[in-house]
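Me: I would like to learn how to read the features of a protein model. Could you take me through one, step by step?

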Amino acid sequence: NDPLMGYQWAAHIPGVIDQHEYITSITTPSVRYDQQPRFISGKIHHYAGFLTVDDVTMTIYTEVSGFATSVMAKWVREVRSKDGIYNLPSSYKKTIEVVLLDQVDRMVATFRYEGAWPTSWNSYNLQFGAASILATEVTLSVDDVQFSVVGLDEFS
């Protein structure tokens, strides 16, 4: 079978950024279990501990209409009310959906990052004389990840 390529993907955040063209890069998180050591019969044994899902980092296409940056700013502000009181997680936690595509743009696999919310918005590097595209980079906390392969039954 052909390999999956790192440039054939699409991502969106339903209710925040629905058009996948605005997410130009995404770094998926590491997923790991902590080890819990136990001393049994004179030696250390290791057992599964807490499941940890690291942060997602993504770059948002920053264009002159300000659409993507304004929806991200709104999401950042949804974490707290205007009075400074933290909102309920159900109001600001979202799901990030990433789809991996094959060479003819058919869906091969999906990642669903659940419980995502913005923890940081990186600064901009503004310079006279530098002709570069302005990138909006955000870091998102994630509670869990679900991975599925489309049509896995075909290969079994």
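This is a predicted model: local features need pLDDT of at least 70, side-chain atom pairs count only at pLDDT 80 or more; totals for chains, interfaces and linings use all residues.

Me: How many helices and strands does the protein chain have, and in what pattern do they follow each other?

Reply: The secondary structure comes to three helices and nine strands. Along the sequence, the elements of the protein chain run β-β-β-β-β-α-α-β-β-β-β-α.

Me: How does the radius of gyration of the protein chain stand against that of a compact globule?

Reply: The general idea is to set the value beside what a compact globule with this number of residues would have. For 156 residues that would be near 15 Å, but the protein chain has 19 Å. Its C-alpha atoms fill a box of roughly 65 × 50 × 35 Å along the principal axes.

Me: What share of the contacts in the protein chain joins residues 24 or more positions apart?

Reply: Among contacts with a separation of 6 or more, 57% are between residues 24 or more positions apart.

Me: And what about burial and surface?

Reply: A residue is called buried when its relative accessible area is under 20%. In the protein chain, 29% of the 156 residues are buried. The chain exposes about 10,600 Å², and 54% of that comes from carbon and sulfur atoms. As for charge, there are 11 positive and 18 negative charges, and their mean positions lie 10 Å apart.

Me: Which residues of the largest nonpolar core touch the most other members?

Reply: In soluble globular proteins, nonpolar side chains tend to be buried together. Here the largest nonpolar core has 26 residues, and Ile17, Val56, Met58, Ile96 and Tyr113 touch the most other members. Elements giving two or more residues to this core include strand S5 (56-61), helix H1 (67-77) and strand S7 (107-121).

Me: What is isoleucine 17 in contact with, beyond its neighbours within four places in sequence?

Reply: Isoleucine 17 is in contact with His12, Tyr22, Ile23, Ile60, Val71 and Met72. Histidine 12 is in strand S1 (residues 9-12). It counts as partly exposed because its relative accessibility is 22%. Its C-alpha atom is 31 Å from that of glycine 49, which is 37 residues away along the chain.

Me: Is serine 141 buried or exposed?

Reply: Serine 141 counts as buried because its relative accessibility is 16%. It lies in strand S8, and beyond residues up to four places away it touches Asp55, Gly115, Ala116, Trp117 and Thr119.

Me: Where does serine 41 lie, and what is its phi?

Reply: Serine 41 lies in the loop between strand S3 (31-40) and strand S4 (43-53). Its phi is positive, about 50 degrees, although it is not a glycine. At 77% relative accessibility, serine 41 counts as exposed.

Me: Which loop holds aspartate 105?

Reply: Aspartate 105 lies in the loop between S6 and S7. Aspartate 105 has a positive phi of about 65 degrees and is not a glycine; at 54% relative accessibility it counts as exposed. Valine 104 lies in the loop between S6 and S7 and counts as exposed at 56%.

How values were computed:
Residues are numbered from 1 along each chain as its sequence is written. Side-chain values use heavy atoms; hydrogens and water are left out. A nonpolar core is a set of buried Ala, Val, Leu, Ile, Met, Phe, Trp, Tyr and Cys residues joined through side-chain atoms within 4.5 Å. Buried means under 20% relative accessible area, exposed over 50%, partly exposed in between (1.4 Å probe, protein chains only). Helices (H or I, at least four residues) and strands (E, at least two) are DSSP runs, numbered from the N terminus. Contact means heavy atoms within 4.5 Å. The radius of gyration is taken over C-alpha atoms; the globule rule is 2.2 Å times the number of residues to the power 0.38. Accessible areas come from the Shrake-Rupley method with a 1.4 Å probe; for residues, only the protein chains shown count as cover. Lys and Arg count as positive and Asp and Glu as negative; His and the chain ends are not counted. The place of a charge is taken as NZ of Lys, CZ of Arg, CG of Asp or CD of Glu.
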